[in-house]
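Subject: Structure handover

Dear colleague,

Here is the structure I said I would pass on.

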Amino acid sequence: MKILKKTFGVCLVGFGLGILLVLFLPAIWWLILIGIIVISVGMLWLLC
C-alpha cells in the first residue's frame, strides 16, 4: 500500500510539472496556480 501511495504522489507531481511546462507558453495565471496546487498535493502525499 505504501508503494501505491508513493507512486500516486510521484504521478501527481509529474502531472503538475507537465501542466506547468505546457502552460508556461500561454501563461494563464489560474492554470499555473492549479499546477502548483497539484505539485504541492503530490509532495504532501509523498511526505505522509
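The notes below go from the whole chain to single residues.

This is a predicted model, in which local features need pLDDT of at least 70 and side-chain atom pairs count only at pLDDT 80 or more, while totals for chains, interfaces and linings use all residues. Residues are numbered from 1 along each chain as its sequence is written, and side-chain values use heavy atoms, with hydrogens and water left out.

Overall

The chain has two helices and zero strands. Both terms refer to DSSP runs numbered from the N terminus: H or I of at least four residues for helices, E of at least two for strands. Helix α1 covers residues 2–23, and helix α2 covers residues 29–47. Of the 48 residues in the chain, 27% are buried. Buried stands for under 20% relative accessible area, exposed for over 50%, and partly exposed for values in between (1.4 Å probe, protein chains only). The accessible surface of the chain is about 3,700 Å², and carbon and sulfur atoms account for 87% of that surface. Areas were computed by the Shrake-Rupley method with a 1.4 Å probe; for residues, only the protein chains shown count as cover.

Contacts and distances

Val38 is in helix α2 and counts as buried because its relative accessibility is 16%. Leaving aside residues up to four places away in sequence, Val38 touches Leu12, Phe15 and Gly16; contact here requires heavy atoms within 4.5 Å. Between the C-alpha atoms of Val38 and Gly16 there are 5.2 Å, although the two residues are 22 residues apart along the chain.

Met43, also in helix α2, is partly exposed because its relative accessibility is 42%. Its C-alpha atom is separated by 7.9 Å from that of Val10, 33 residues apart along the chain.

Val22 belongs to helix α1 and is exposed, with a relative accessible area of 55%. Val22 and Ile32 are ten residues apart along the chain, with 9.6 Å between their C-alpha atoms.

Surface patch

Which residues form a nonpolar patch on the surface? They are Trp29, Leu33, Ile37 and Val41, with about 430 Å² of accessible area together. Patch residues have over 30% relative accessible area and no salt bridge; like charges are joined within 9 Å, and nonpolar side chains (Val, Leu, Ile, Met, Phe, Trp, Tyr) within 5 Å. A salt bridge puts a side-chain nitrogen of Lys or Arg within 4 Å of a carboxyl oxygen of Asp or Glu. Leu33 lies in helix α2 and is partly exposed, at 42% relative accessible area.

Regards
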